[in-house]
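Subject: Structure handover

Hello,

Here is the structure you will be taking over. My notes on it follow below.

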Amino acid sequence: MSVTVNGKPFDDQPAPGQCLRTFLRQLGHFGVKKGCDAGDCGACTVYLDGEPVHSCLVPAFRAEGREVTTIEGLAQGGALHPMQQAFLDAQGYQCGFCTAGMIMTAAALNQEQKADLGRALKGNLCRCTGYRAVEDAIAGRRDTEDARPGRGVGHNVPAPAGPDVVTGRARFTLDVAIDGLHHIKLLRSPHAHARIRAIDKSAALAVPGVVAVLTHEDAPATLYSSARHETRDTDPDDTRVLDDVMRFIGQRVAAVVATSEAAAEEGCRKLVVDYEILPAVFDPETAMQPGAPRLHDKGPQARIANASRNLVAEMHGATGDVAQGFTAADAIHEGTYFVPRVQHAHLETLCAIAWIDESGRLNVRSSTQVPFLTRLELAHVFGLDRDKVRVFCERVGGGFGAKQEMLTEDIAALAALKTGKPVKLEFTREEQFVGATTRHPMKVTVKIGARRDGALTAIEMHVVSNTGAYGNHGMPVLEHACSEAVSVYRCPNKKIDGYAVYTNTVAAGAFRGYGLPQTGFAVESAIDEVARMIGMDALEFRRCNVVRKGEPMIGLHEAPDDVIYGSYGLDQCLDLVQAALMRGDGDEAPPGWSVGEGTALTMIDTVPPGGHYSDTYIWLEADGTYNMTIGTAEFGNGTSTVHRQIAASVLNASPLAIAFTQSDTDHGGHDTGAYGSTGTVVAGRATQRAAEALRDKLLDFAATQSGVDRAQCKLAGDAVDCGGKTIALGELFRIAEAFVVDLSAHGTTNGIPRSVAFNVHGFRVAVNTTTGEVKIIKSVQAADAGTVINPMQCRAQIEGGVAQALGAAMFEEVVVDTEGRVTNPSFRHYRIPAFADVPHTEVLFARTSDELGPFGAKSMSESPYNPVAPALANAIRAATGVRFYRLPLKPDRIHAGITAAG
Amino acid sequence: MDLNTITAVERPTSREALRVWRDGDAFLAGGTWLFSEPQPKLTRLIDLSTLNWEPLRATGNGLEIAATCTIAQLDGFAAPPGWIAAPLIGQCCRAFLASFKIWNVATVGGNIVMSLPAGPMISLTCALDGELLIWGPDGRERRVAVVDFVKGPVSNDLKSGEIVRAIHLPLAALTRRTAFRQISLQSHGRSGALLIGTRDAGGAFMLTVTASTPKPYQFRFDALPGADELTARTDTTIANNWFDDIHGLPAWRRAMTLQFAREILAELGGGAA
Ligand SMILES: Cc1cc2nc3c(=O)[nH]c(=O)nc-3n(C[C@H](O)[C@H](O)[C@H](O)COP(=O)(O)OP(=O)(O)OC[C@H]3O[C@@H](n4cnc5c(N)ncnc54)[C@H](O)[C@@H]3O)c2cc1C
Ligand code: FES
Ligand code: FES
């Protein structure tokens, strides 16, 4: 059939049931993205005869004889479309995966639609930005600054990938054409707990195009954890690439490798599996009881705390005497709070491509936050020398912790090793819900006592975390949950008990905030209640009780020695939020709705425990520009911008003069990974050190060459200024080459010691007590981020974190039924915030400078999420008089709560 | 998404060519639902778009909407001045969770045949006494009221091989006064309750309840009822058959329904809300 795409004629036959999205990609238009493949997200938006449509829903054959425009064809005659330029100017994106569809949609809006963006953009989901930057772009506001020498740290330097992102050229994981690429599809378990007796592969193997069917018989026996951490024994060895025991509905049973996705799917349907059904358990408290079905029959070498009680981890800590503390209290609040499963919903689903190169080395191109750790584990699982494995990523379409996990690379590696073919595995959106990871659901009972004068007397917390069928991140998430939420309060008596429990449900994993959003919801709600009981303003109550600089931070244990107050801005954050709420600005409450205000705070260690490593290599190029390799991955966190800014500041160069490549194990060195909010504070430190070392080398060499005193030499853009005499850097390079002087440098960090960062959130809400609807009429977050290296990006990180947290606070929930099945595995039924759902948040920064981070910066990517849900619950409590103990706070639940309270 | 089990597509251009229905077939309208979920049981698509039915025809008898009329086409319909019920069209289109881009392809017929509780075209056509014209595979035709056609979530009166040809909205219904209420758990989300009230020149009142119930319910009164009478009848007739899914708890749907019933009654001139 013939079709015109971006003005060019194509003649190709789509499969009868093929959709336009995959057909366009097949023709090389990789700017057309898949976020859902079901019409919900808009990432695949193209024009069909000028009309915007979701190409995943359009049968490809209907494009016959018609004209298609994709993001690649939006720019006319070399000039960007004004909407592309607007997204560049406002940096209306983070990971950029939604951006092509967002721009295509925005560019098609008429004035009336632009006046109601909430409605016009309801078919375009962005998980990163919280939409404020998108709104700025559409309104034509400019948030970026021009790059110039000296405009490094502290400036709104635009992201380096911007021009590629807005034109659809940015290459995400699957945006590559590979000859002979084979496809993997996974058969997933229909049973929550079962043993595989036999798998009959014959009919599957007979499907034309199927080249292999891989089952537990083909998989290595080595046990590992899909979670990736710097030290691999952080997580239990409880997982196999393919297992003969199914522990949740959705676990992978077998992988079919075929020449097309269609054949691989058909192969999966043709597999005949004989299961022996085993008893299953879904409730973590039941699972902990003696006699409950046991999920993992493994010995101590698996590092499961107590396999016979389904406990992947158990922890207890106490200081002082809580019984005494409660006796001394004038007011005590005790409540059991519940935070359900939520999913990351990064727009780029998990995916990987693996192949064996000519040298016999396994290459994996993956959507990952942790290429280096994934390489190590692949080498371990498949018994390969680590030099025989390369893992890398280019641009990653959102992560939020979900990609600190090895959930595709292992299968892709197995398939590549077994077949020798290049193979691709791409999760569907449904698989993201049933077969990836979620936040750990936690039931948190908290009891807090205080005296009438405002002093806390005791805090007791009991946490039951549901880790699902596998223990990936189960222990460290629990440990984190049991730490900063409580240790931020000075209180003589504390007791904490935590349990992470296996159940026959989809596994939980790492997710922004890493346990703190769950316990924070409980503790900050309880603090609000206690403040009410003693008749004190909640912010004032917090002010009386939070740790001050230098005081011990005691949660489960006294904070480990490597956590120090590199800076302290919590007092400022509390003041900033209070002042912002007192200003009384924001939206008007609709007439008749009840209004209330609420606040919450959070503290977070700036770096995960146990060491976090990163290497940067930097060198001078022949043309006098710089180049570097950095280990950390970019998935919308903006760290590549920051690294460039850091290097530019140190080298007094324009950020544009600094090229870089990143996140590839072939660059050498090590990088623990882009998790735990480390891309700036840890990896950025490595870049700072590398740049400083290079600066010193350049100045030393220039001083010797010019005969000018070293103290008189300084870097000035693309030259060295030696006491008034300038040597162009290109010239310096040539001289160095002639003398065989090496002008490159290396910087490294280990993430020790660590500091603490703070966030305080405030809401004013209006609640319609008849319908349960909530309208946020004022939202403010104050952040203690240390030196803000890029204010625009840092603000955007906070806005994005707030939006993601609001989704979880207001309506997101992965619902698991009584048989362990996820009942809402799609964006249609698992709604994430759309434009209209997210209010503006005023973002304020404390003025601090950290001793540890690069240029005084602290981490600020996970923590903005953490105080949002409790602040909202506290505001709703103030408006309605009803305390809500369970997220999400949906209108139907609020209505039920108000009705029950009479 | 790709529907990989589909091995053939028919693109009929005449009614005769439509009579090819066999197991594994699906009529393809806009495709916005068909292509949004895996359809492993389907092997062939029969495209209705090539029949080129005139999307909308306003006559002295009312409005004839072809099943293949898109939501965008319907939303763009310029109604004759006397059709004071016409604003309902825009209100119902806006009650879609789907955005304007989906409206460019999704069809009115497809929405009714999907028979989801939150199908706003069901709400619209029920409230305006809509009647479906159904073509059988044997060439026979029949008519059925939309309110009787929809039996429950994804369940209706259509037999295999039957096709919805058109929806007829009678003139009488289009000249009634109307009141509309809708709510969902998110801004612009999927409807949790969608109620429409109509009142004709003679004073007769009708309330249509959708989205909060698995299928539409209709309550007719010759004159405006009292508010308590209306809610009591609504509540007893629906008899706890409130829809329950992630888009709203049954108790909330019931409360919203009864609340909206009162508001609609008041808006159309009835008892105090
Ligand atoms: C993002 C998104 C949001 C959505 N929101 C909503 C919503 O809020 N409410 C809602 O109800 N639905 C919603 N849907 C579902 C669906 O897209 C709509 O119901 C739409 O109107 C279906 O129309 P279609 O023409 O695309 O149907 P298709 O997908 O083409 O067909 C749907 C079904 O109806 C059958 N069919 C279609 N036309 C005929 C006919 N004339 N005769 C016989 N059978 C026929 C098809 O065989 C198929 O089984 C949504 C879908 C998406 C992608
Ligand atoms: S991929 Fe088409 S709408 Fe999400
Ligand atoms: S920038 Fe929108 S999804 Fe990442």
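Three elements of chain B each give at least two residues to the shell around ligand 1: strand E2 (25-28), helix H4 (108-114) and strand E10 (163-170). H4(B) provides the largest share of that shell, with five residues. Please keep in mind that this is a predicted model.

The ligand itself lies between chains A and B. It is surrounded by 31 residues, and the closest come from both chains: Gly39(A) on one side, and Ala29(B), Gly30(B), Gly110(B) and Asn111(B) on the other. Sorted by class, the shell around ligand 1 consists of 19 nonpolar, 10 polar and two charged residues. Within chain B, domain 1 (8-47) and domain 2 (55-172) each contribute at least three residues to this shell.

The two chains also touch each other. In this interface, 43 residues of chain A are in contact with 37 residues of chain B. On the chain A side, at least two residues each come from strand E4 (51-54), helix H5 (117-120), helix H9 (261-270) and helix H26 (891-901). That side of chain A has 17 nonpolar, 15 polar and 11 charged residues.

As for the layout of chain A, the domain assignment lists domain 1 (2-167), domain 2 (182-278 + 357-394 + 403-434), domain 3 (442-608 + 753-901) and domain 4 (614-749). Between the C-alpha centres of domain 1 of chain A and domain 2 of chain A there are 32 Å.

Regards

Definitions and conventions. Residues numbered from 1 in each chain as written. Chains lettered and ligands numbered in written order. Predicted model: local features only at pLDDT ≥ 70, side-chain atom pairs only at ≥ 80, totals over all residues. Domains from an automatic or database assignment. Near = placed C-beta within 6 Å. Helix = DSSP H or I, 4+ residues; strand = E, 2+ residues; numbered from the N terminus. Nonpolar A, V, L, I, M, F, W, Y, C, P; charged D, E, K, R; others polar. Contact = placed C-beta atoms within 7 Å.
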